[in-house]
Amino acid sequence: MNTLLWLRTDLRMHDNPALAAARENGTVTALFLAAPDQWRQHGDAPAKVDFWLRNLHELSRDLGERGIPLKLLTVADWSKAPEAIAAFCQAHAITQVHANTEWAINERRRDAAVAGALDAIGVDWTLHHGASLLRPGTVTTGKGDCYRVYTPYARTCRDRLRTAPVVAVPPPRPQTPPDWSADPLPDTFDGFARPSEAIRALWPAGEAAAGDRLEAFTDGVIDAYKDERDFPSMPGTSCLSPYLAAGVLSPGQALRAALSANHGELDSGKAGAATWINELLWREFYQHLLAAYPSLSMHQPMKPETAAVPWRDAPDDLRAWQQGQTGIPIVDAAMRQLLALGWMHNRLRMVTAMFLSKNLLIDWRLGEAWFMAHLVDGDLAANNGGWQWSASTGADAVPYFRVFNPLSQSRRFDPRGVFLREWLPELADLDDKAIHDPSPMERAAAGYPMPIVDLAQSRLRALEAFGNLPAVG
């Protein structure tokens with residue numbers, strides 16, 4: 001029996017439920033369906049698409065060593081997926097197709113259409129659960145609803161994970177290869193420019209690279225995670241988000257490594273490990289919300305009343321924010337890091353998002369799209385969840401009256417200006433106090449702009465805009 005594994009954001013051989021099931025049921029072929037037009041509609045970053053492709057090269061080699069060929073099909077967008085996959089199955093005598101579930105609305109509609117096309121030709125279609133620790137829809141309140149508040153959600157998750165730990169799925173057994181060979185993979189996809197070598201070097205591809213990074217983190221760095229994760233100049237975070245977003249690393253693998261470092265404890269034991277596990281559960285929370293509320297995939301706020309926020313139409317301010325030219329050093333340094341590395345430190349994602357949505361009062365969706373267009377770890381659930389948290393429009397978001405002061409954040413989390421000097425070389429000669437908020441004379445001498453907004457007045461403007469929203473019945 002010939003079976004098919006349809007790879008999506010699960011670019012790994014280990015701990016892959018769909019791959020394991022496809023192999024157990026027959027001789028498996030792996031398939032990746034490229035859809036460049038769809039990726040452009042989603043606003044995916046060239047760095048992210050390049051990361052996918054580089055991981056496909058690694059995965060093709062790993063699968064090939066077990067006799068599993070990786071085939072590549074290219075379609076314009078998801079509307080062409082049913083016909084393409086059905087034709088592939090007929091051409092290769094495929095009887096079963098296995099895939100891991102994706103929860104965004106376009107992907108769910110795509111899968112429903114593919115299931116119908118396969119049913120019409122007598123091919124079995126099975127979706128598996130491999131993208132989160134607990135299947136969305138299974139962690140609910142007493143009324144059976146999806147949690148909209150993180151703390152009780154996380155408590156329920158921990159209770160579930162204690163009684164039913166997430167077990168690793170073994171890699172597929174070697175097989176006698178089918179009569180067809182793997183397809184050669186391109187170096188780029190049309191319309192997605194190759195990112196800088198600095199970005200590619202920062203994010204090496206493959207499960208081995210992901211495993212090495214996970215081991216290095218949980219073998220020592222994780223112990224200081226609680227204390228150092230908020231300091232952007234320190235190597236205090238895991239830098240595993242691109243591997244989780246592309247499915248090169250499973251959330252189960254991440255959790256098991258953290259538990260091993262913490263002697264099996266979920267929320268006690270070592271503070272660093274417990275804090276990182278908490279962050280994994282935040283990632284889960286946003287995935288569960290995305291699955292429960294399709295409107296989140298359609299650019300809608302979780303809090304309906306915030307649809308009436310009078311966002312400013314300020315293209316010059318938006319452009320200054322995008323290019324790291326706002327005159328607020330910590331914001332500009334963070335935005336330049338994003339442009340250079342395809343990644344931004346998590347604390348700074350909150351600072352820059354709140355500055356755009358609160359101090360500039362610019363629609364958070366414009367910032368969400370800009371992040372997605374540049375992040376190598378761009379993930380709809382996490383990116384949307386983070387932006388809605390910062391903009392006070394989402395589930396369990398920061399209260400609207402809590403507005404980060406970026407200068408205070410800078411002084412607290414980069415007290416010696418190490419991060420600022422790295423990304424704002426024009427300010428490198430300023431002392432540790434002045435670099436956070438240079439004087440007009442210092443700015444002029446450095447060729448650095450004056451602030452585009454008064455922080456105190458813009459905070460009051462945001463409070464008024466949010467405080468006067470009409471109630472939604």
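Biologist: Hi! Which helix is Glu207 found in?

Modeller: Hello! In this predicted model, Glu207 belongs to helix α8, which covers residues 207-218.

Biologist: Is Glu207 buried or exposed there?

Modeller: Glu207 is buried, because its relative accessibility is 15% and the cut-off for buried is under 20%.

Biologist: Which residues is Glu207 in contact with, leaving aside neighbours within four places in sequence?

Modeller: The contacts are Leu11, Arg12, Met13, His14, Leu59, Asp62 and Val248. For His14 there is a further detail: the Glu207 side chain reaches the backbone nitrogen of His14 at 3.2 Å.

Biologist: Nice. Let's switch to rings! How many aromatic pairs does the structure hold?

Modeller: There are 25 aromatic pairs. One of them joins Tyr150 and Trp282, and this pair is stacked, with 4.0 Å centre to centre and 10 degrees between the planes.

Biologist: Where in the chain do Tyr150 and Trp282 come from?

Modeller: They come from distant parts of the chain, 132 residues apart. Tyr150 is in helix α6 (residues 150-163), while Trp282 is in helix α12 (residues 271-292). Both Tyr150 and Trp282 are buried.

Biologist: What about Trp282 and Phe285, how is that pair arranged?

Modeller: Trp282 and Phe285 are edge-to-face, at 5.7 Å centre to centre and with 80 degrees between the planes. These two are about one helical turn apart, because they are 3 residues apart in helix α12. Phe285 is buried, as is Trp282.

Biologist: Which residues form the aromatic cluster with them?

Modeller: The cluster is made up of Tyr147, Tyr150, Tyr153, Trp282, Phe285 and Tyr286.

Biologist: Do keep going with rings. Which ring does the charged end of Arg148 sit over?

Modeller: That would be the ring of Tyr293, and the distance to its centre is 5.5 Å. In another case, Lys358 lies over the face of Phe466, 5.7 Å from the ring centre.

Biologist: Which helix gives the largest share of the lining of the largest cavity?

Modeller: Helix α17 does, with 5 residues. Both α12 and α17 supply at least two residues each. The lining includes Tyr286, Leu289, Asn384 and Trp389. Tyr286 is also in the aromatic cluster we talked about.

Biologist: Tell me about Asn384, then. Is it buried or exposed?

Modeller: Asn384 sits in helix α17 and is buried, with a relative accessible area of 4%. Its side chain makes a polar contact with the side chain of Glu368, at 3.1 Å. Not counting residues up to four places away in sequence, Asn384 touches Leu296, Trp364, Glu368 and Asp379.

Biologist: And which residues of helix α16 are buried?

Modeller: In α16, residues 364-372, the buried ones are Trp364, Gly367, Glu368, Trp370, Phe371 and Met372. They pack against several helices, among them α2, α3 and α17.

Biologist: Let's hop to Arg110. Where is it found?

Modeller: Arg110 is in helix α5, residues 105-120. Arg110 counts as buried because its relative accessible area is 3%, and the limit is under 20%.

Biologist: What joins the side chains of Arg110 and Glu102?

Modeller: A polar contact of 2.8 Å joins them. Beyond its neighbours within four places in sequence, Arg110 is in contact with Trp6, Arg8, Trp78, Ala81 and Glu102.

Biologist: Last one, backbone angles. What is phi of Ser392?

Modeller: Phi of Ser392 is near 60 degrees, a positive value in a residue other than glycine. Most residues other than glycine have a negative phi.

Biologist: Where is Ser392 found?

Modeller: Ser392 is in the loop between α17 and α18, and it is buried at a relative accessible area of 2%. Asp396 lies in the loop between α17 and α18 too, and has a positive phi of about 50 degrees although it is not a glycine. Asp396 counts as partly exposed, at 30% relative accessibility.

Notes:
Residues are numbered from 1 along each chain as its sequence is written. This is a predicted model: local features need pLDDT of at least 70, side-chain atom pairs count only at pLDDT 80 or more; totals for chains, interfaces and linings use all residues. Side-chain values use heavy atoms; hydrogens and water are left out. Helices (H or I, at least four residues) and strands (E, at least two) are DSSP runs, numbered from the N terminus. Buried means under 20% relative accessible area, exposed over 50%, partly exposed in between (1.4 Å probe, protein chains only). Contact means heavy atoms within 4.5 Å. A polar contact is a pair of N or O atoms within 3.5 Å; within protein, one must be able to donate a hydrogen and the other to accept it, and residues adjacent in sequence count only if both atoms are side-chain atoms. Rings of Phe, Tyr and Trp (its six-membered ring) pair if their centres lie within 6.5 Å; planes under 30 degrees apart count as stacked, over 60 as edge-to-face and the rest as tilted. A charge sits over a ring if NZ of Lys or CZ of Arg is within 6 Å of the ring centre and within 35 degrees of the ring normal. On a 1 Å grid over the protein atoms alone, a cavity is a set of points where a 1.4 Å probe fits but cannot get out, and a pocket is an open set with protein on both sides within 12 Å along at least five of seven lines; lining residues have an atom within 4 Å of a point.
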